[in-house]
Amino acid sequence: MAVEMRLPAVHKHISLAASQSNQDDKHLVVPGDVITSDTGFMRGHGTYMDEDRLTASVAGEVERVNKLICVRPLKTRYNGEVGDVVIGRITEVQQKRWKVETNSRLDSVLLLSSVNLPGGELRRRSAQDELAMRDYLQEGDLISAEVQSIFSDGALSLHTRSLKYGKLGQGVLVFVSPSIVKRQKTHFHNLPCGASIILGNNGYVWLYPTPGQQDEEAGGYYTSMEPVSLSDREVISRLRNCLLALAAHKVLLYDTSVLYCYEASLPQQIKDILKPEIMEEIILETRQRLVEHEG
C-alpha cells in the first residue's frame with residue numbers, strides 16, 4: 001500500500017517589490033472602516049453615512065471620481081458593462097428570446113433578433129425562426145456572447161452577431177471570480193501550447209482544442225463532435241489546473257499569466273499542480289516572470 005508523505009521545504013525568497021508597491025497604492029477597506037470625515041464628498045455604492053462620516057459597507061477597494069467615493073467589492077457577482085465578452089448557459093427558451101445564466105444578479109437576455117441566422121442571412125425574423133429557436137440553442141447549451149446593453153433593472157442584453165461568438169462545443173468550463181479577469185482588447189486567445197481560451201469577463205473561462213477550419217456557413221452554431229486527442233486533453237487539463245492555481249492566489253488572469261503558469265507547471269505532473277506546496281512554487285515563478293515582463 002503506497003503512502004504519500006509531504007515534508008516542509010525551504011522556498012527561495014523571490015523579490016516582488018514592483019508588484020508590492022502597486023498594491024500598497026490601493027486603499028483597501030473592510031465593512032465599518034471610516035473612509036473620510038470630510039462632508040464634501042458624495043456617497044457612492046458600497047458606502048453609508050454614520051454620524052457625518054463616510055463608512056464602508058463592503059470589503060473592497062476605494063475608488064474616487066471627483067467628489068464621488070465608492071467601494072468596489074473584491075468578491076461579488078458579475079456587474080456587466082457594454083462590450084464585455086461573457087460565457088453563459090441557456091436556462092430557458094421564451095418567446096423570441098433565450099434566458100442565459102451569466103453569473104450576474106439576474107438572468108441575461110439573448111433576443112432572437114440579436115443572433116446570426118445559419119448561413120449569415122440578414123433578414124427580419126419570421127414565425128418559422130421563432131418555431132426553430134430550439135434548433136439554434138436549447139436549454140443547457142453554452143454560448144459566448146457580448147453585452148449589447150443593460151436594462152433598467154440591471155439585466156444584461158446579449159448579442160452573438162459575429163462569427164467569433166455563438167454556441168460552444170467540446171471543452172472545459174472553469175469558474176473563477178470576475179474580479180481577477182483582466183480587461184483586454186480581445187478575450188479570445190489561441191495559446192502556443194495547442195489549446196485556445198476564452199476569458200469571460202463574468203468569471204467563466206472556456207478551454208477548448210484550437211479549431212482547424214471554421215465553417216462560416218454555420219453562423220456560429222456548428223460544433224465539432226470529433227474525438228479529442230489525448231495530447232489535447234492533457235494540455236486542457238493542465239491549463240485548467242493552472243487557472244485554479246492562479247485564481248487561488250488572486251493572480252490576474254490574461255493570456256500572458258496563463259501561459260507563464262503553464263510553462264512553470266511543465267516539470268510537474270498534471271494531478272500534482274493543485275498540491276499546496278507545488279502550487280505555491282509554480283505561482284511564485286509565474287509572478288517573478290510577470291514582474292520581469294512588466295519591468
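Two strands count as paired if DSSP finds at least two bridges between them. Keep that rule in hand for the sheet described next. The model is predicted.

Start with an open sheet. Four strands form it, in the order S1-S6-S7-S3. Their pairing is mixed. Strand S1 (28-29) and strand S3 (42-43) are the edges, and each of them pairs on one side only. Now look at strands S6 and S7. Strand S6 covers residues 60-65, and strand S7 covers residues 68-73. The two run antiparallel and are joined by six bridges.

Next, look at Lys 67 and Phe 41. The charged end of Lys 67 sits over the ring of Phe 41. The distance to the ring centre is 5.0 Å.

Aromatic rings come next. The structure holds two aromatic pairs. One of them joins Phe 175 and Tyr 204, with ring centres 4.9 Å apart. Their planes meet at 85°, so the pair is edge-to-face; the cut-off for that class is over 60 degrees. This pair links distant parts of the chain. Phe 175 belongs to strand S14 (residues 172-175), while Tyr 204 belongs to strand S17 (residues 204-209). The two residues are 29 residues apart.

Are these two partners buried or exposed? Phe 175 has a relative accessible area of 52%, so Phe 175 is exposed. Tyr 204 has a relative accessibility of 8%, so Tyr 204 counts as buried. The reasoning rests on two cut-offs: buried means under 20%, and exposed means over 50%.

The charged end of Lys 182 sits over the ring of Tyr 254, at 4.3 Å from the ring centre.

Finish at Asp 272. Its place is in a loop, between helix H5 (255-265) and helix H6 (276-294). The relative accessible area of Asp 272 is 13%, so this residue is buried. Which side chain does the side chain of Asp 272 contact? The partner is Lys 275. A polar contact of 3.1 Å joins the two side chains.

Methods: Residues numbered from 1 in each chain as written. Predicted model: local features only at pLDDT ≥ 70, side-chain atom pairs only at ≥ 80, totals over all residues. Heavy atoms only, no water. Buried < 20%, exposed > 50% of the residue type's maximum accessible area, 1.4 Å probe, protein only. Polar contact = N/O pair within 3.5 Å; in protein donor to acceptor, adjacent residues only side chain to side chain. Phe/Tyr/Trp six-rings, centres within 6.5 Å; stacked < 30°, edge-to-face > 60°. Lys NZ or Arg CZ within 6 Å of the ring centre and 35° of its normal.
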